[in-house]
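Here is a friendly briefing to read alongside the model. Please keep the viewer open and follow along topic by topic.

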Amino acid sequence: MHTYEYGSFGYYLFWLIESICMVSVNAFVLITGYYGIKSRFKLSRIIRFYLEVVFFSMVCTIIAKLFSGGAVGMKEWAYAIMPLTSRRYWFASNYALLLFIQPMINLFIKNIDKKTYRRFILIQLLLFSLIPTFLIWNREIAGTGMDIIWFLILYFTGAYVHHYGLSFKGNRWFLLYILFVSLLYVFDVVIIPGLAKAVIGVPIGIGVFNYYNTIFVFLGSICFFMMFVQTEENRLIENSRGMVLFTGIGTYAFGAYLISDHRVIRNILWEKINIVGISENPIVVLLYMISVNIVIFLIGVILDWIIKHLISNKSLEKIFTKIDGKMNSIIN
């Protein structure tokens, strides 16, 4: 989007896509809270997650070495072996922390009443979402939604929905999702830069609300999440072929993230698939980007399927079962 000038068709088109997709990370963590509140703690789940990330990190580093030669040094190999502690994958690092403290979160939730729970979430949203949305200098303290604090807030929110639900029904969640995405888009792309250009002659402030913890993104994420909660509750489509295929592929979709967010791979991708010079027509560029993303997604799914099957061999399963048994005896 940065290759298109302010006010051009390409500028508005690609910022619209950005705004629509901003809810995805939040929705994933909300789903974790929704289902995680009723799941038992398994240390093997965290070990599997860690092994998956390490395997992917190593494979991607090897691929990067083959394609980039000297671009991969000892530092990158060290980070590849320790991808979570080095925060090479910011989402995976936060998610691993969330899995570790999940039992304590669930215990806390089970011991508070609905009114206290609701107040707790609202206070957190006030401090870490509403205030930093408009007082942007406060983001140095409240963060930008790429930290464990925001993941915890999303987990608490998803678990609240599982326990108590939310009142809207039908297509209202979809309409509200469109509303909040539209507000994010209009403020980010039209109003803020437009006012800046009118006052100082330069359209600064583009994307100022494009952070995971801004109130527009959070509310849009809730609405997007609730659309799928209601779909899950409606068991009529659960056994359809399309849904089975969709959920089956989704099981391995994490691999697409692990490829695209690998530091060296990402640099290579940006260099090799650079949109500059592809076409002057934004629609052609969009179709090119969609094609590239489909290819990256499919490669990620295939690699994730292979790695998950390697981790799920019988020898490791026996070890994981023993680990979970010992952990359960300690916890209980």
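A residue is called buried when its relative accessible area is under 20%, exposed when over 50%, and partly exposed in between (1.4 Å probe, protein chains only). This is a predicted model, in which local features need pLDDT of at least 70 and side-chain atom pairs count only at pLDDT 80 or more, while totals for chains, interfaces and linings use all residues. Residues are numbered from 1 along each chain as its sequence is written, and side-chain values use heavy atoms, with hydrogens and water left out.

**Overall picture**

- The protein chain holds 15 helices and zero strands; helices (H or I, at least four residues) and strands (E, at least two) are DSSP runs, numbered from the N terminus.
- Of the 332 residues in the protein chain, 40% are buried.
- Among contacts (heavy atoms within 4.5 Å) with a separation of 6 or more, 78% are between residues 24 or more positions apart.

**Salt bridges around Lys308**

- The whole structure has two salt bridges, each defined as a side-chain nitrogen of Lys or Arg within 4 Å of a carboxyl oxygen of Asp or Glu.
- One joins the side chains of Lys308 and Glu52 at 2.8 Å, N to O. Lys308 sits in helix α14 (residues 282-311) and Glu52 in helix α3 (residues 43-68), so this pair ties together parts that are 256 residues apart in sequence.
- Another joins the side chains of Lys308 and Asp304 at 2.9 Å, N to O. These two residues are four apart in helix α14, which means about one helical turn separates them.
- Through shared partners, the salt bridges link Glu52, Asp304 and Lys308 into one network.
- Lys308 is partly exposed, at 23% relative accessible area, whereas Glu52 is buried at 7% and Asp304 is buried at 0%.

**Gly255 in helix α12**

- Gly255 belongs to helix α12 (residues 254-260) and counts as buried, with 0% relative accessibility.
- Apart from neighbours within four places in sequence, Gly255 contacts Phe56, Gly300 and Asp304. Asp304 is also a member of the salt-bridge network.
- Gly255 and Trp305 lie 50 residues apart in sequence, with 8.4 Å between their C-alpha atoms.

- Thr133 is in helix α6 and is buried, at 0% relative accessible area.
- The Thr133 side chain reaches the backbone oxygen of Ser129 at 2.5 Å, a polar contact (a pair of N or O atoms within 3.5 Å; within protein, one must be able to donate a hydrogen and the other to accept it, and residues adjacent in sequence count only if both atoms are side-chain atoms).
- Beyond its neighbours within four places in sequence, Thr133 touches Arg139, Phe209, Asn213, Thr214, Ile215 and Phe216.
- Phe134 is also placed in helix α6 (residues 114-134), but this residue is partly exposed, at 47%.
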